[in-house]
Amino acid sequence: MSSNTDVSLSSYDEGQGSKFIRKAKEAPFVPIGMAGFGAIVAYGLYKLKNRGDTKMSLHLIHMRVAAQGFVVAAMTIGMGYSMYQEFWANPKPKP
């Protein structure tokens with residue numbers, strides 16, 4: 001049996017809060033998408049009481065589409081931002 005003692009355990013020592021902050025710095029649009037999703041869900045639950053004659057299923061479909069749209073938009077903007085950072089903000093010198 002071989003044992004690998006070179007394995008770094010620093011990622012296991014990291015707490016949940018610091019891990020989330022580190023990941024948020026690496027990909028800033030993920031927490032924005034999560035917050036928007038949560039806000040739309042909270043708004044949908046708030047408006048659930050005052051939906052009027054609208055059927056429950058139709059209301060839930062509209063809220064689901066709005067939440068998914070916000071997350072997809074945040075992911076698209078995040079990808080555009082990362083492409084900008086990689087290709088236009090810091091262009092690599094040509095050989």
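This is a predicted model: local features need pLDDT of at least 70, side-chain atom pairs count only at pLDDT 80 or more; totals for chains, interfaces and linings use all residues.
Helix α4 gives the most to the lining of the second largest pocket, with 6 residues. Residues are numbered from 1 along each chain as its sequence is written, and side-chain values use heavy atoms, with hydrogens and water left out.

The protein contains 4 helices and 0 strands, and along the sequence the pattern reads α-α-α-α. Helices (H or I, at least four residues) and strands (E, at least two) are DSSP runs, numbered from the N terminus. Of the 95 residues, 9% count as buried, where buried means under 20% relative accessible area, exposed over 50%, and partly exposed in between (1.4 Å probe, protein chains only).

Helix α4 spans residues 56-89, a total of 34 residues. From its first C-alpha to its last, α4 reaches 47 Å, close to the 50 Å expected at 1.5 Å a residue; the expected span is 1.5 Å times one less than the number of residues. Buried residues in α4 are H59, M63, A67, A74 and G78, and what covers them includes α3 (29-47).

An unreviewed UniProt entry annotates residues 27-45 and 65-84 as "transmembrane region". UniProt positions are given in the numbering used here, feature names are shortened, and annotations may be inferred rather than shown by experiment. In the model, residues 27-45 are 89% helix and 0% strand, with end C-alpha atoms 29 Å apart. Residues 65-84 are 100% helix and 0% strand, and their end C-alpha atoms lie 28 Å apart.

On a 1 Å grid over the protein atoms alone, a cavity is a set of points where a 1.4 Å probe fits but cannot get out, and a pocket is an open set with protein on both sides within 12 Å along at least five of seven lines; lining residues have an atom within 4 Å of a point. Grid points are joined across faces, edges and corners, and a volume is the space filled by probe spheres set on the points. Among the residues lining the second largest pocket are F37, V41, H59, M63 and A67. By class, its lining has 7 nonpolar, 3 polar and 1 charged residues; Ala, Val, Leu, Ile, Met, Phe, Trp, Tyr, Cys and Pro count as nonpolar, Asp, Glu, Lys and Arg as charged, and the others, Gly among them, as polar.

The largest pocket has a volume of about 190 Å³. Its lining comprises 14 residues, of which A27, F29, V30, G78 and M79 lie nearest the centre. The largest share, 7 residues, comes from α4, and the lining includes 10 nonpolar, 3 polar and 1 charged residues.

H59 ties several of these features together. This residue of α4 has a relative accessible area of 8% and is therefore buried. Not counting residues up to four places away in sequence, H59 touches G44, K47, L48, R51 and T54, with contact meaning heavy atoms within 4.5 Å. The C-alpha atoms of H59 and K47 are separated by 9.1 Å, with the two residues 12 residues apart along the chain.
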